[in-house]
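Morning, everyone. Please have a look at the sequence and the structure, and then I'll take you through them.

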Amino acid sequence: MADDAPSELLSRRHQMFPVLTEAEVARIRRFGTVRNYRRGEMLFTVGQPGPSMFVVLTGAVAISQRDGLGHVVPIVRHGPGHFLAEVGTLSGRPALVDGQADEDVEALLVPPGQLRALIIAEADLGERLVRALILRRVALIEAGHSGPVIIGQPQSADVLRLQNFLRRNGQPHHVVDAGRDADAAALMEQYGAAVNEALVVCPDGSVLLNPSADTLARCIGMVDTGQRDELFDVAVVGAGPAGLATAVYAASEGLHVVVLDCRSMGGQAGASARIENYLGFPTGISGQALAGRAFVQAQKFGAEMLIPTQAVSLDCTRQHDEGVLSIGLADGRRLKSRTVVIASGARYRRPDVPRLGEFEGRGVWYWASAIEAKMCTQTEVALVGGGNSAGQAAVFLAQHAAKVFMLVRGPSLAASMSRYLIDRIEATSNIALLPHTALTQMHGDAQSGLAGVTWRNHRDGVDEERSLRNVFLFVGAEPETSWLDGCGVAVDSHGFVLTGTAAAHDGEARAPAPLESSVPGVFAVGDVRSGSVKRVGGAIGEGAAAVAQIHQVLAAADAAR
């Protein structure tokens with residue numbers, strides 16, 4: 001085994017930095033143009049839009065990481081046959097590293113659109129390129145020397161909020177503890193940051209005090225801010241499994257697709273530590289990994305990703321006259337599309353527990369990632385919920401916490417959880433299942449965070465108080481459909497979108513397709529749809545099926561013109 005480890009590392013590095021043969025470079029030439037750079041000239045710069053993929057023909061390019069504080073870490077020196085790019089290059093996102101000519105360089109420049117065309121046209125070569133792009137992004141994340149720098153107390157609510165946002169979106173970053181770094185502390189003082197606040201230094205040197213996720217995203221170039229006047233074929237609202245599946249299938253079939261999500265790729269599934277009942281992954285896969293692969297796959301086929309971008313309204317007034325739907329965004333812009341796919345999912349409910357809001361982000365969590373798990377090492381935690389997401393979180397947290405108290409209102413988990421998870425929970429000695437039990441009180445103060453909780457067994461009326469600092473809530477789901485108000489999209493009594501025959505109205509010229517809502521051209525897939533199975537596999541299947549129905553609607557509209 002010891003001998004295998006170096007071989008595995010060498011293999012991974014070879015996949016990350018493959019050397020193209022002359023024949024392979026010749027195949028790429030038709031997708032690019034030759035450019036020359038003098039020694040010392042920058043091919044690309046951290047924080048600036050990455051213009052293209054570069055294939056080095058002659059000379060050498062030095063690649064290094066640089067954060068917003070000016071710290072520089074060399075990565076690799078690329079010579080002839082190497083290519084310079086990472087996942088962000090597929091969509092022209094800002095560069096995460098510096099590339100400087102170490103010698104006079106002649107390089108083949110392949111713009112993002114041509115790079116996507118190359119990957120699809122040259123399938124075997126494209127596979128190697130995409131694998132390298134993904135591995136390079138992973139390496140940048142693991143290295144923690146590039147991207148924005150978050151300064152503050154590592155366990156403060158705002159530091160954790162921003163760290164989670166960047167991690168869920170696959171963005172390299174690192175945290176500097178202001179309590180241990182004198183320079184970081186001085187910077188906090190200079191910008192008037194309170195002890196429990198977060199200061200962010202973007203790659204371009206901009207400094208943000210306690211920014212929102214949207215503000216941080218704009219600072220690091222995750223989303224553009226320009227006016228979007230083009231007409232899309234498909235606008236997908238929500239980048240969970242259903243939305244990403246829709247994007248992959250629609251874009252791969254030549255449709256002009258845009259995807260937006262107000263938080264991150266993956267939705268609730270993206271926060272799952274391990275999904276073990278998804279077809280084709282017998283050893284399981286993390287929700288983050290599954291979402292990340294789908295995210296790259298959608299971009300490979302040309303889908304445009306606007307994350308984080310929040311949809312706040314849907315205007316259907318022009319649908320009947322011009323066949324155009326309009327989505328209003330929180331930043332005031334509008335997107336026009338011939339069809340819209342509602343994949344906005346559902347959010348966990350906030351249980352009716354006094355003082356709950358005081359401790360959100362300060363001991364109360366609605367997800368369980370590696371960041372929260374690290375905080376729970378060898379401590380007791382409480383987890384509320386009895387569905388699959390709750391079960392996955394409990395098993396994951398049990399690997400770190402001394403004890404996980406799992407509170408469920410019902411008599412058991414059988415009615416709401418897959419059998420394999422129930423068996424695993426029963427086999428995990430440090431998970432204590434508490435049936436007929438609900439959270440009733442929270443103790444502590446908003447400044448220092450949660451200090452303890454009280455729960456009650458409703459069957460015997462006994463209260464129990466525990467001193468613990470972290471509670472994880474996975475309690476039911478409410479659909480994210482408020483942005484549809486005023487458009488006439490029919491919903492059921494719980495707010496989930498009706499589709500197919502359930503959405504049909506008497507006297508309509510055309511009955512809605514199985515995944516189509518009561519508004520023609522507006523579809524619903526995944527957890528937001530009334531009657532969906534609330535499983536990752538089902539969501540992905542609905543996303544794929546919706547594309548076939550979208551083609552039919554677009555074809556009928558074209559024929560009627």
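Let me start with a definition. A residue is called buried when its relative accessible area is under 20%, exposed when it is over 50%, and partly exposed in between, with a 1.4 Å probe and protein chains only as the basis. Now apply that. Asp158 has a relative accessible area of 15%, so it is buried.

Some ground rules. This is a predicted model, where local features need pLDDT of at least 70, side-chain atom pairs count only at pLDDT 80 or more, and totals for chains, interfaces and linings use all residues. Residues are numbered from 1 along each chain as its sequence is written, and side-chain values use heavy atoms, with hydrogens and water left out.

First, the whole chain. How many helices and strands does the protein chain have? It has 14 helices and 29 strands. The radius of gyration is 25 Å, close to the 24 Å that the globule rule gives for 561 residues, so the chain is as compact as a globular protein of that length. That radius is taken over C-alpha atoms, and the rule is 2.2 Å times the number of residues to the power 0.38. Helices here are DSSP runs of H or I with at least four residues, strands are runs of E with at least two, and both are numbered from the N terminus.

Along the principal axes, the C-alpha atoms fill a box of roughly 80 × 70 × 50 Å. Of the 561 residues, 53% are buried. Next, contacts, meaning heavy atoms within 4.5 Å. Take those between residues at least 6 apart in sequence: 68% of them join residues at least 24 apart.

What about the surface? The chain exposes about 24,500 Å², and carbon and sulfur atoms supply 51% of it. Those areas come from the Shrake-Rupley method with a 1.4 Å probe; for residues, only the protein chains shown count as cover.

Back to Asp158. It sits in helix 5, residues 157–168. Which side chain does the side chain of Asp158 meet in a polar contact? That of Asn210, at 3.1 Å. A polar contact is a pair of N or O atoms within 3.5 Å; within protein, one must be able to donate a hydrogen and the other to accept it, and residues adjacent in sequence count only if both atoms are side-chain atoms. Beyond its neighbours within four places in sequence, Asp158 is in contact with Asn196, Glu197, Ala198 and Asn210.

So let's move to Glu197. Glu197 lies in the loop between helix 6 (182–190) and strand 11 (199–201). Its relative accessibility is 21%, so Glu197 counts as partly exposed. A polar atom of its side chain lies 2.8 Å from the backbone nitrogen of Ala194. Leaving aside neighbours within four places in sequence, the contacts of Glu197 include Ile151, Met188, Leu209 and Asn210. Now compare sequence and space. Glu197 and Ala157 are 40 residues apart in sequence, but their C-alpha atoms are 8.0 Å apart.

Next, helix 12, residues 388–398. Ten of its eleven residues are buried. Among them are Phe396, Leu397 and Val395. What covers these buried residues? The cover includes helix 11 (370–375), helix 13 (419–427) and strand 22 (403–407).

Another buried residue is Gln299, with a relative accessible area of 4%. Its place is in helix 9, residues 287–300. The side chains of Gln299 and Ser91 are joined by a polar contact of 2.9 Å. Gln299 also touches Val87, Leu90, Arg116 and Met305, not counting residues up to four places away in sequence.

Last topic: backbone angles. Most residues other than glycine have a negative phi, and most peptide bonds are trans. Where does this model depart from that? Ile307 and Pro308 are joined by a cis peptide bond, with omega about 0 degrees. Pro308 is in the loop between strand 15 (304–306) and strand 16 (311–315).

Arg355 has a positive phi, near 70 degrees. Arg355 lies in the loop between strand 19 (346–348) and strand 20 (364–365). Lys534 has a positive phi too, near 55 degrees. The place of Lys534 is in the loop between strand 29 (522–524) and helix 14. At 35% relative accessibility, Lys534 counts as partly exposed.
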